[in-house]
Amino acid sequence: MNKTVILVYVIAIFLWKIAAAETVKNKEVVIYTSLDQIFSEPILKEFEKQSGIKVKTVYDTEAAKTVGIVNRLIAEKDNPNADVFWNNEIIRTIVLKEKGILAPYNSPSATDIPAQFKDKDGYWFGFAARARVLIYNTKLLSDSDVPESIFDLTKPQWKGRFSMGNPLFGTTATHAAALFLCLGDEKAKAFFDSLKSNGVVVVPGNAMSRDRVADGELPIGFTDTDDAWGAIIEGKPVKMIYPDKDGMGTLLIPNTICLIKNSPHPEEAKKLIDFILSREVEEKLAFSLSMQIPLRKEVKRPAHVPSYDSFSVMQVDFEKEAQMLPVSSRYLQETFLK
Amino acid sequence: MSLFPKYIFWLSFGLFSVIALAPLGQMFADALAAYPFWKAILLDSRQMMLLRNSLVISGFTVLGAFFLGVPLAFLIAKTDMPFKRFFSIVFLLPMFFPSYITTIGWTKLLGKTSLAASFYSTAGVVFILSISYFPFMMLLVLSGLYSLNSGLEEAGLLLYPARKVLKDITLPLLFPYLFSGAIFVFIFSISNYGVPDQLRVVTYPVEIFTQFSAFYDAKKATLLSLPIVIITLFLILLQQRFMGSKSYVTLNIHRRQRFMVKLGRKKIVILFFCALVFIVSVVIPLVVLLAGAGPLSTYAAVFKTSHQQIVNSFVLACISATVILVIGFPLAYMFQRASRFRSQFIDMFSLIPFAVPATILGIGLITLWNKPATNFIYKTCLVVIFAHTARFIAFGIRIMSADIGLISKNMEEQAVLVCKEWPRRFAKIFLPLNKRGFFYAWIACFALSIGELEATLLVTPAGEATLPIRIYTLLHYGMHKLVFGLCVVLIALVFIPLILAAIFQFMSRKTNRSGYGD
């Protein structure tokens, strides 16, 4: 009898676990997001609370570096599991659009987003941006020693003294594709060849690049504003600059949100998109530890977070930049990852 | 006479094929169709260079595991070394630590020192893989030592000193086990992605992963994994050639040996060596993780923020280990009792899903099961269980078959005569006799499943993340207390069944086990 009870109990747990994520239910929405969980989760929980719609989330991981989510969306194309994709950058959103994964949706929350930060047909919308910056250690460099341009890092005095995230992944790859677009293939290749010969220290990601600088191992490195703010808030001896203000400008990388084609819960998905694109959320992200830069001037932000039009922004056609990604990635794979 | 009717074997093999082989078969078929000029891709100079890198790393890892595992096995089995029982258990622990967690620990320790440059290198990868995989070498050699016909050794002892007997009789007889251990370690190393990726060394599995991540080319990534699969199949064939009908694993690890080498004053040096291996492979990563996690409040935060992932991981690993036992037992029986051809067939095909990079298995599972008619699989945790089963069934089969091999065929035939209904025969006779094999197989598969990351992260349903996924999600921010706390909790979850195993072993030794052997 006891063995029967145990067996029944075990089978019940088994069936419970299977049923826990089974079948399409009403009042739920599935979102895949590559925005760091500590920033995106509070937003999604707030939506749950306000709307009563259960949010099920797949987050990005360090191992995947967005590959898990983007490849999963591509693999699931014929039978989508996700309703919404919230990307922390823009290029891979456009890759998904080109692969026919996305559906257009003209969200009423997006009417005041500047035209250059949204798809003209409503396939994706940009909001709450980060900028590609140089972070430097104030104990190792005085403000006057800091290079004004990323091209200065090819000079001999910086040999072996600066870091960069893996150029095949994340916003480093996005930055590389932008440079290939803005400079042209030849100049971009020459630039990256110079970085290589000048001993750039390639680390797995922006957070590691920031950490190497914050810990005093290197004086300067590439990173994003959210990573830089993380170190500044922790009291690390670092500052950041928005490079090339007198030249081609600083790359601005917005978060993007999009509706998945044939999603299981389209109505709930649209409500979630409307919520995430709202001014309230953009303000929350500006005041969060990531200090994302609002793309709408009316959205409040902390005093130390600049308005996106207060610094020189690199003029980039994101659609064309997405087309450059495979070109830049192949070259950088050969150059840096042999 | 067989323990089961034939349809049970076919059912098991069918389930194994559907769960493990079908996703991979589809991936490879699609890849070869998409790239008719696949030879040119595989023979590209960059791919050859990367494959060479991986082969070199795996080769040196085998050497590292050899120089650690073989002496330890001899010391445990053939000498009067003190604390043998303690060391025989603790030296198995690295096998159960996910290698990425060992890397996290050592990176935290060395990453900011002057040794960092040396650590973030091929040497660092070899070091981590060696200390992670030497237990496999040790286990295989121990199996050999406990399985040897001691009569030969005793005959040698009549004429020669113990050391010469060890060198000229024992060691040559151990060659199949040494070779098998080397092959296991090689297979593990050549398909490992996490450690080279964390230490920024470009290897063949890293390249395969890059094809997914940077170029979204799942078919090319699948194609690139073909050389690893071919190498693995070749090595398995070689292993079968040398092992014959010998078992890879023995569960009589404390069977009394007939002769022992007395160490005398060398005991201190030997103890120092054993302690050093223990410290490097187990203590240092564990202490670094504990120190990194800091105060108890970290664990409170871990349970507060990640309790769902902890429960998910534990329950899924329990279910996966059980499913592996249920599907794997008939295959283990066939592996032990069937003809040599069938046995080799099971051996080879059960290891293929492990040899293929887990990311490809993940994409294969999505491709095969993500259809409206099979939502009950893909959109539930069943798909995660499938991923674990595919990856680790080979281990369950080998451990269970080792115990099956200890039961005499005569006893089995008597059981068939006494009890005609096979379910009753299995439950009342065979199951109690094999409970040790079941238990150890369950524990091994539980430990492997709970730490699995690469396939799981691709197929886990939304909202059902596991502990390894949680660790890697937070690792993005760099190493901080919560990451270390989560790593400690993951290791603690693995320890629970290991402690149960130790208790079980203690209880088993008190039980009279008459009736084994011919």
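**Aromatic pairs**

I began with the rings and found 37 aromatic pairs over all chains of this predicted model. A pair of aromatic rings is described by the distance of the centres and the angle of the planes. The rule I used takes rings of Phe, Tyr and Trp (its six-membered ring) with centres within 6.5 Å; planes under 30 degrees apart are stacked, over 60 edge-to-face, the rest tilted.

I looked up Phe117(A) and Phe318(A). Their ring centres are 6.4 Å apart and their planes stand at 35°, so I noted the pair as tilted. This pair links distant parts of the chain, 201 residues apart. Phe117(A) is in the loop between E4 and E5 of chain A, and Phe318(A) is in helix H11 (residues 318–336). Helices (H or I, at least four residues) and strands (E, at least two) are DSSP runs, numbered from the N terminus. Both Phe117(A) and Phe318(A) are buried. Buried means under 20% relative accessible area, exposed over 50%, partly exposed in between (1.4 Å probe, protein chains only).

Next I took Phe119(B) and Tyr120(B). Their pair is edge-to-face, with 6.0 Å from centre to centre and 75° between the planes. Phe119(B) counts as buried because its relative accessibility is 5%.

I also noted one aromatic cluster in chain A, formed by Phe151(A), Phe180(A), Phe191(A), Phe192(A), Tyr331(A) and Phe336(A).

**Ground rules**

I number residues from 1 along each chain as its sequence is written, and I letter chains from A and number ligands from 1 in the order in which they are written. Local features need pLDDT of at least 70 and side-chain atom pairs pLDDT 80 or more, while totals for chains, interfaces and linings use all residues; side-chain values use heavy atoms, leaving out hydrogens and water.

**Chain A and Pro114(A)**

Chain A has 11 helices and 10 strands. Of its 338 residues, 60% count as buried. Among its contacts between residues at least 6 apart in sequence, 75% join residues at least 24 apart. Contact means heavy atoms within 4.5 Å.

I then found Pro114(A) in the loop between strand E4 (102–103) and strand E5 (125–137). Pro114(A) is buried, because its relative accessible area is 16%. Leaving aside neighbours within four places in sequence, Pro114(A) is in contact with Leu295(A) and Tyr308(A). Pro114(A) and Glu148(A) are 34 residues apart in sequence and 28 Å apart in space, C-alpha to C-alpha.

**Cysteines**

I counted 0 disulfides over all chains. The rule asks for a pair of cysteine sulfur atoms within 2.5 Å. For Cys318(B), the nearest cysteine sulfur is that of Cys445(B), 12 Å away. Cys318(B) is buried at 19% relative accessible area. Cys182(A) is partly exposed at 34%.

**Thr374(B)**

Thr374(B) is in the loop between helix H19 (358–369) and helix H20 (375–378) of chain B. Thr374(B) counts as buried, because its relative accessibility is 14%. Not counting residues up to four places away in sequence, Thr374(B) touches Leu368(B) and Trp369(B).

**Cavities**

I found 9 cavities of 30 Å³ or more. A cavity is a set of points, on a 1 Å grid over the protein atoms alone, where a 1.4 Å probe fits but cannot get out; lining residues have an atom within 4 Å of a point. The volume is the space filled by probe spheres set on the points, which are joined across faces, edges and corners.

The largest cavity has a volume of about 590 Å³. Of the 33 residues that line it, the closest to the centre are Ser99(B), Tyr133(B), Asn192(B), Arg391(B) and Glu454(B).

Terms used. On a 1 Å grid over the protein atoms alone, a cavity is a set of points where a 1.4 Å probe fits but cannot get out, and a pocket is an open set with protein on both sides within 12 Å along at least five of seven lines; lining residues have an atom within 4 Å of a point.
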